Amino acid sequence: MAKSLLEMSAEIIAAQAKHKAMEPDEMAESLRTVFQTLQEIHQLGQDGEGNEETASGDSLAYLRRNPLKSIQRNQIICLESGKAYKLLSNRHLALYSLTPREYKKKWGIPMTMPLSARSLTNRRRKLAKDLGMGKQLAEWRAQRKQQATG
């Protein structure tokens with residue numbers, strides 16, 4: 001059974017109060033504000049499905065104007081399909097006859113920026129540092145340079 005808006009509001013404020021000391025007046029005002037916001041959201045949802053499609057279309061249009069905003073903390077939104085992923089794979093981009101390089105060029109994304117969620121990129125970067133991959137690469141390049149000159 002779905003929760004009522006009042007129950008959801010109370011849960012939100014209770015969670016907030018666990019992390020931040022709140023006066024009773026502040027809690028009451030926050031509860032009113034959250035409840036009103038949830039009512040507005042609920043009312044927008046009741047107005048019809050067409051509005052949701054327009055809203056998602058508007059957000060995709062915004063992301064297409066600002067492509068760097070499509071790379072977010074926990075997801076990357078494909079500017080071709082509008083779907084969210086952790087990583088835009090070569091296989092997914094091939095559906096639109098694009099390579100990662102062409103996709104970045106088309107949307108103005110820097111070539112050095114990975115097509116993955118920031119959290120995934122940071123996790124991989126940390127793992128590479130822990131494994132000493134940067135040092136191994138530097139050693140390999142030095143050996144290759146010696147072989148080429150010597």
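Begin by selecting helix 1 and colouring Leu5, Ser9 and Ile13, which are buried. These residues lie on the same side of helix 1, because they cover an arc of only 60° around the axis. The model on display is predicted. Helix 1 takes in residues 5-19, a run of 15 residues. From its first C-alpha to its last, helix 1 reaches 22 Å, close to the 21 Å expected at 1.5 Å a residue.

Next, select Lys20 and Glu26, which form a salt bridge. The closest N and O atoms of this pair are 3.1 Å apart. Glu26 is partly exposed, at 31% relative accessibility, and Lys20 is likewise partly exposed, with a relative accessible area of 44%.

Proceed to helix 2, residues 24-46, and display Arg32 and Glu29. Both residues lie in this helix, three residues apart, which is about one turn of the helix. A salt bridge joins Arg32 to Glu29, with 2.8 Å between the closest N and O atoms. Arg32 counts as partly exposed, at 46% relative accessibility, and Glu29 also counts as partly exposed, at 44%.

How many salt bridges does the structure hold? There are four, and one of them is formed by Glu80 and Lys106, whose closest N and O atoms are 2.9 Å apart. Glu80 is found in the loop between strand 1 and strand 2 (84-85), whereas Lys106 is in helix 5, so this pair ties together parts that are 26 residues apart in sequence. Lys106 is partly exposed, at 49% relative accessibility.

**His92 in helix 4**

Now select His92, a residue of helix 4, which covers residues 90-94. Is His92 buried or exposed? His92 has a relative accessible area of 9% and is buried; the cut-off for a buried residue is under 20%. Display the surroundings of His92 as well: leaving aside neighbours within four places in sequence, His92 is in contact with Cys78, Ser81 and Tyr85.

**The largest nonpolar core**

In soluble globular proteins, nonpolar side chains tend to be buried together. To view the largest nonpolar core here, which has 13 residues, start with Leu88, Leu93, Tyr103, Ile109 and Leu115. These five touch the most other members of the core. Strand 1 (76-77) and helix 5 (100-107) each supply at least two residues of this core.

Centre the view on Ile109. Which residues is Ile109 in contact with, leaving aside its neighbours within four places in sequence? They are Pro67, Leu68, Ile71, Tyr103, Lys104 and Leu115.

Continue to helix 6, residues 118-130, which has 13 residues. The span of helix 6 from its first C-alpha to its last is 18 Å, close to the 18 Å expected at 1.5 Å a residue. Gly132 follows helix 6 and has a positive phi, near 70°.

The last stop is Gly134, found in helix 7, which comprises residues 133-149. Gly134 is exposed, with a relative accessible area of 52%. To finish, draw a line from the C-alpha of Gly134 to that of Asp25: these residues are 55 Å apart in space and 109 residues apart in sequence.

Key
Residues numbered from 1 in each chain as written. Predicted model: local features only at pLDDT ≥ 70, side-chain atom pairs only at ≥ 80, totals over all residues. Heavy atoms only, no water. Core = buried A, V, L, I, M, F, W, Y, C linked by side-chain atoms within 4.5 Å. Buried < 20%, exposed > 50% of the residue type's maximum accessible area, 1.4 Å probe, protein only. Helix = DSSP H or I, 4+ residues; strand = E, 2+ residues; numbered from the N terminus. Contact = heavy atoms within 4.5 Å. Expected span 1.5 Å × (residues − 1). Salt bridge = Lys/Arg side-chain N within 4 Å of Asp/Glu carboxyl O. Arc of directions from axis to C-beta.
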